[in-house]
Amino acid sequence: MIQRSRAYLDPDGLPSQKMLQSALKEHLGRLPRLEKLRKYYEGDNDILQRRRASGLPNNRIAHPFGRYIASVTAGYLIGQPAAYTMGDGAPSETLDAIVDLYARGSVESVDMENAHNAAVYGRGIEYVHVDADASPHATALSPADAFVVYEDTYDMTPLFGVYMAPKLKETGGTDGFRVWVMTDRLIVEYYAKDLTVAAFAEVARESHYFGGVPLVEYWNDEDERGDFEWVIPLIDAYDKLESDRVNDKEQYVDKLIVMTGCVLEKDDQGRTPGQQLREDKLLALPDSDASVEYLSSALDEANVEVQRQALEADIHKLSMVPDLTDREFAANASGVAMRYKLWGLDQLIRIKERWFIEGLRERLKLYAEFMAVKGLPVLDVSGVNIALSRSMPANTLEQAQIAQYAKAADAASARERVAILHRGEGWTDDQIDADAERIRMESGIPGSDPTDVGMGDLERRIQVEDDAR
């Protein structure tokens with residue numbers, strides 16, 4: 001996080017040239033870290049740069065643990081679209097309009113990209129702007145190209161945001177940089193030949209109506225660290241172990257030959273002893289006292305495999321992302337056993353979720369302010385519930401058994417039993433009510449209360465769904 005004092009902003013909320021250059025310099029100093037995280041996500045690990053002495057095998061095997069870890073955590077966090085409801089349950093014209101804008105603007109894809117960037121780089125960032133239809137629209141940006149500067153106080157209020165991009169020539173080359181500085185009222189475009197030392201020339205400025213800095217950051221945690229950043233040393237060790245494992249095998253096959261009591265020369269075809277051995281698979285020794293043998297050492301595969309498994313286990317344990325292909329994640333595992341295996345991942349996602357919802361709420365404030373300017377009722381964003389549901393495998397049989405036990409003990413209504421059946425699917429209250437009502441209507445049961453659905457009807461529906469699968 002980059003912090004500065006509000007005292008150095010001008011009356012329009014814009015930073016001075018000196019403040020802007022210092023903030024850019026601080027951000028640029030962090031780019032090598034972001035570049036390294038990008039490479040590890042793409043499988044371009046440090047092992048690929050390793051060099052060995054000439055003549056030695058140099059296998060360089062990179063394992064993309066970074067991609068696996070980031071994909072699992074991002075998908076687990078936001079695999080299902082975020083749900084927005086008023087806390088008091090009352091309808092809201094403004095919230096409904098915003099949700100409709102979200103749908104038309106494919107905000108689900110933006111959320112996934114932000115979650116992915118947060119998992120890789122430690123933060124995602126998006127730009128909220130006005131599209132061609134004069135409606136608010138959100139676009140995910142690369143964390144390497146944009147950042148927000150916060151006030152140096154306890155509440156860390158955003159002061160301004162910065163987005164930078166190379167200025168392209170007609171031929172595709174670059175000619176300096178375009179820099180946009182965004183305050184809570186203005187967007188000012190600058191041109192700079194160099195980002196840290198040259199003066200910034202103002203190109204254009206315009207007002208916006210979002211009521212806040214239109215750059216929103218999605219932090220991964222309080223340290224702004226990626227999900228696999230902590231285990232990069234373990235990934236390096238795993239790469240080296242597996243690469244050297246293959247190197248050792250190559251060296252074992254290409255063993256040295258020790259000849260005793262003889263000096264071999266080229267044969268009448270001009271072939272060296274090495275060529276003779278490779279082509280004829282034999283050597284003619286001068287007398288019975290001469291001998292030839294391979295010089296080699298035994299490969300300790302058992303210990304290497306133990307070390308490999310230990311490193312792999314440490315990577316998954318310390319990243320809190322389990323190996324979902326492991327035999328412990330069998331299809332017949334109970335729901336309780338599965339939850340225990342995913343407990344660490346669930347705790348990690350809960351932390352990520354709190355920070356991610358802060359970003360979603362900040363974006364919602366920007367949209368709500370813009371819609372208020374357009375004449376819609378003011379939306380109290382603090383009263384909006386934002387819920388993220390998990391993408392979890394469901395054990396339908398086990399959930400049906402739990403619902404049956406609840407029915408036998410008279411401990412749950414039919415609606416609650418429908419909720420139990422679909423617990424792993426992240427159903428909303430409206431979906432549960434609608435499904436319970438549909439079962440009542442199909443069963444011909446009188447009454448309008450969806451909780452009147454009988455357990456037999458629920459069991460029949462479960463059986464029909466199981467037969468269909």
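1. The axes of helix 5 and helix 10 (residues 343-373) approach within 12 Å and cross at roughly 140 degrees. Axes here are lines fitted to C-alpha atoms, for helices over the stretch in contact, with angles from 0 to 180 degrees between N-to-C directions. The two helices are therefore oblique to each other; angles under 35 degrees count as roughly parallel, over 145 as roughly antiparallel, 65 to 115 as roughly perpendicular and the rest as oblique. On the helix 5 side the contact is made by V107, V110, D111, N114, A115 and A119, and on the helix 10 side by K352, F356, L360, R363 and Y367. Contact means heavy atoms within 4.5 Å.

2. A word on provenance: this is a predicted model, where local features need pLDDT of at least 70 and side-chain atom pairs count only at pLDDT 80 or more, while totals for chains, interfaces and linings use all residues. Residues are numbered from 1 along each chain as its sequence is written, and side-chain values use heavy atoms, with hydrogens and water left out. Helices (H or I, at least four residues) and strands (E, at least two) are DSSP runs, numbered from the N terminus.

3. Helix 5 (residues 107-121) has 15 residues and reaches 20 Å from first C-alpha to last, close to the 21 Å expected at 1.5 Å a residue. That expected span is 1.5 Å times one less than the number of residues. Its buried residues include V107, V110, D111 and N114; buried means under 20% relative accessible area, exposed over 50%, partly exposed in between (1.4 Å probe, protein chains only). After the helix comes G122, with a positive phi near 100 degrees.

4. How many residues of strand 10 (residues 215-219) are buried? Five of the five, so strand 10 is largely enclosed by the rest of the structure. L215, E217 and W219 cover one side, V216 and Y218 the other. Strand 10 pairs with strand 3 (residues 123-130) in the antiparallel sense over five bridges; two strands pair if DSSP finds at least two bridges between them. Y127 has L215 as its bridge partner in strand 10.

5. Four bridges join strand 13 to strand 2 (residues 83-86), antiparallel, and T85 has N385 as its bridge partner.

6. Lastly, six strands form an open sheet of mixed pairing, in the order 1-5-6-7-8-9. Strand 1 (2-4) and strand 9 (201-207) stand at the edges, each with a single partner strand, so one side of each lacks a neighbour in the sheet.
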